[in-house]
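User: I'd like to go through this model one question at a time. Give me the ground rules before the details, please.

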Amino acid sequence: MQIKGDHAELYVGGRLDVRSAADARSALHTALDGGNGDLVLSLAQLDSWDATGLGVIMGAHRRAGRCGRRLVLRDVPPQMQRLLVATRLHRILAIEGETLTKP
């Protein structure tokens, strides 16, 4: 997993799973704590995520709210869009761009 960017936009690539969760959580918390306004997560290069990775995203969403910010997902791959719809998390998370597909 790779995360590049600043306090306004992060680019996430590779796999967001149990092995990368701690590093991802740390990078997201640093970005959220160090900026203001929306934090955009560009997921175009994300290959996959598991339940732990999804938990990291949800934790970052909650932290963003506590910081007075908003976490926005951008370029969510279709497979992950279907998971967000199936879990109804698309109703909670801010997702930019495409209309989410139904499972």
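Analyst: Helices are DSSP runs of H or I with at least four residues, strands are DSSP runs of E with at least two, and both get numbered from the N terminus. This is a predicted model: local features need pLDDT of at least 70, side-chain atom pairs count only at pLDDT 80 or more, and totals for chains, interfaces and linings use all residues. Residues are numbered from 1 along each chain as its sequence is written, and side-chain values use heavy atoms, with hydrogens and water left out.

User: Where does aspartate 50 lie?

Analyst: Contact here means heavy atoms within 4.5 Å. Leaving out residues up to four places away in sequence, aspartate 50 touches Leu16, Asp17 and Val18. As for its place in the chain, aspartate 50 sits in the loop between β3 and α2.

User: What distance separates the C-alpha atoms of aspartate 50 and aspartate 17?

Analyst: Aspartate 17 belongs to the loop between β2 and α1. Its contacts, apart from neighbours within four places, are Asp50, Thr52 and Gly53. Along the chain, aspartate 50 and aspartate 17 are 33 residues apart, yet their C-alpha atoms are separated by 5.2 Å.

User: Is aspartate 17 buried or exposed?

Analyst: The scale is relative accessible area with a 1.4 Å probe and protein chains only: buried is under 20%, exposed is over 50%, and partly exposed is in between. Aspartate 50 comes out at 27%, so it counts as partly exposed. Aspartate 17 has 7%, which means it is buried.

User: The backbone nitrogen of which residue lies 2.9 Å from the side chain of aspartate 50?

Analyst: A polar contact is a pair of N or O atoms within 3.5 Å; within protein, one must be able to donate a hydrogen and the other to accept it, and residues adjacent in sequence count only if both atoms are side-chain atoms. The side chain of aspartate 50 reaches the backbone nitrogen of valine 18 at 3.3 Å. At 2.9 Å from a polar atom of that side chain is the backbone nitrogen of glycine 53.

User: Now the sheet. How many bridges join β2 to β3?

Analyst: Strands pair if DSSP finds at least two bridges between them. Strands β2 (residues 9-16) and β3 (residues 38-49) run parallel, and the number of bridges joining them is seven.

User: What is the handedness of the crossover from β2 through α1 to β3?

Analyst: Glutamate 9 has valine 40 as its bridge partner in β3. The chain leaves β2 and passes through helix α1 (residues 21-33) to get to β3, a β-α-β crossover. The hand is right if, with the strands pointing away from the viewer, the path from the first strand over the helix to the second runs clockwise. This crossover is right-handed.

User: Which helix does the chain cross through from β3 to β4?

Analyst: Five bridges pair β3 with β4 (residues 70-74) in the parallel sense. Serine 42, for one, has arginine 74 as its bridge partner in β4. The β3 to β4 crossover is a right-handed β-α-β one, and its helix (residues 51-66) is α2.

User: What arc do the buried residues of α3 cover around the axis?

Analyst: Met80, Gln81, Leu84 and Val85 are the buried residues of α3. They sit on the same side of α3 because their arc around the axis is only 145°. That arc is taken from the directions from the helix axis to the C-beta atoms. Exposed Gln79 and Ala86 are on the face turned away from the buried side, while the buried arc itself is 145°.

User: What is the phi of aspartate 75?

Analyst: Most residues other than glycine have a negative phi. Aspartate 75 is in the loop between β4 and α3 (78-86), and it is partly exposed, with a relative accessible area of 38%. Its phi is positive, near 55°.
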